[in-house]
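Morning, everyone. Please have a look at the screen.

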Amino acid sequence: MLLTGKDLNRLESQIGQAMRADRFRLERWLRRLWQNARSHRLSGDELRRFERELETSIALRRTRLERRPFVEILPNLPIAIKRDEIAEAIRANPVVIVCGETGSGKSTQLPKICLQLGRGVEGVIGHTQPRRIAARSIATRIAQELGVTLGREVGYKVRFSDVTSPETYIKLMTDGILLAETQGDRFLERYDTIIIDEAHERSLN
């Protein structure tokens with residue numbers, strides 16, 4: 001089975017269209033295929049299996065993009081005035097710090113701004129809260145505002161309770177849950193955005 005440099009470049013470019021959580025694994029797999037091809041040990045079945053998994057991941061990302069909930073930022077909240085400025089900062093920077101008064105709409109509207117920007121498609125928007133009750137209540141509120149089902153497009157995960165699904169775009173959780181997830185997902189690759197809410201209440205962790 002022959003794998004050319006042109007084939008390699010094509011497949012590499014397609015990996016960029018896959019789900020974020022799959023990319024590292026697919027990149028390593030493709031490098032292994034390339035090594036096998038150069039040593040004439042590449043089988044057609046192995047290459048086809050790789051292409052099927054790549055196509056499945058790309059199709060999932062495309063489906064998530066098509067089914068992304070419609071977003072409307074509530075105009076009566078103070079954060080709405082700064083919506084465009086915040087969105088531009090998120091586009092231009094890997095880390096953004098947003099400071100505002102309690103009740104300005106940060107917790108409910110920031111994940112919606114991210115969703116409006118196209119985040120949450122190739123990975124989940126993770127949104128942490130210091131306490132379990134806050135994670136549940138904010139997830140419920142965001143789901144209501146988006147007009148979607150809690151536990152599907154918007155969900156939450158706290159100790160002893162995981163109310164999320166493969167269709168989740170916005171996931172509320174405690175910071176302890178996020179830290180625990182790093183044990184199995186060291187680089188948090190299942191997320192494309194992480195919002196650390198109530199940062200002033202955080203411990204050193």
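A word first: this is a predicted model.

Let's start with what covers helix α4. The cover over its buried residues includes α5, residues 106-116. And which residues of α4 are buried? In this helix, which runs over residues 83-92, they are Ile86, Ala87 and Ile90. Look down the axis of α4. The buried residues fall within an arc of 100 degrees, so they line one face of the helix. Here is the background. An α-helix has 3.6 residues a turn, so residues three or four places apart point the same way. Now turn to the face directed away from the buried side. There you find the exposed residues Asp84, Glu85, Arg91 and Ala92.

Next, the packing. How do α4 and α5 meet? Their axes are 10 Å apart, and the angle is about 60 degrees. That makes α4 oblique to α5. The crossing is right-handed. On the α4 side, the contacts come from Arg83, Ile86, Ala87 and Ile90. Their partners in α5 are Leu110, Ile113, Cys114 and Gln116.

Keep your eye on Ile113. Leaving out residues up to four places away in sequence, Ile113 touches Ile73, Arg83, Ile86, Ala87 and Ile90.

Last, zoom out to the core. The largest nonpolar core has 27 residues. Ile113 is among those with the most contacts inside it, and so are Leu146 and Val154. Elements giving two or more residues are α4, α5, α6, β2 and β4. The largest share, 6 residues, comes from α6. Apart from this core lies another, of 14 residues, including Ala18 and Leu26.

Notes
Residues are numbered from 1 along each chain as its sequence is written. This is a predicted model: local features need pLDDT of at least 70, side-chain atom pairs count only at pLDDT 80 or more; totals for chains, interfaces and linings use all residues. Side-chain values use heavy atoms; hydrogens and water are left out. Buried means under 20% relative accessible area, exposed over 50%, partly exposed in between (1.4 Å probe, protein chains only). Helices (H or I, at least four residues) and strands (E, at least two) are DSSP runs, numbered from the N terminus. The arc is that of the directions from the helix axis to the C-beta atoms. Contact means heavy atoms within 4.5 Å. A nonpolar core is a set of buried Ala, Val, Leu, Ile, Met, Phe, Trp, Tyr and Cys residues joined through side-chain atoms within 4.5 Å. Axes are lines fitted to C-alpha atoms, for helices over the stretch in contact, and angles run from 0 to 180 degrees between N-to-C directions. Angles under 35 degrees count as roughly parallel, over 145 as roughly antiparallel, 65 to 115 as roughly perpendicular and the rest as oblique. A crossing is left-handed if the near helix is turned anticlockwise from the far one by less than a right angle, and right-handed if clockwise.
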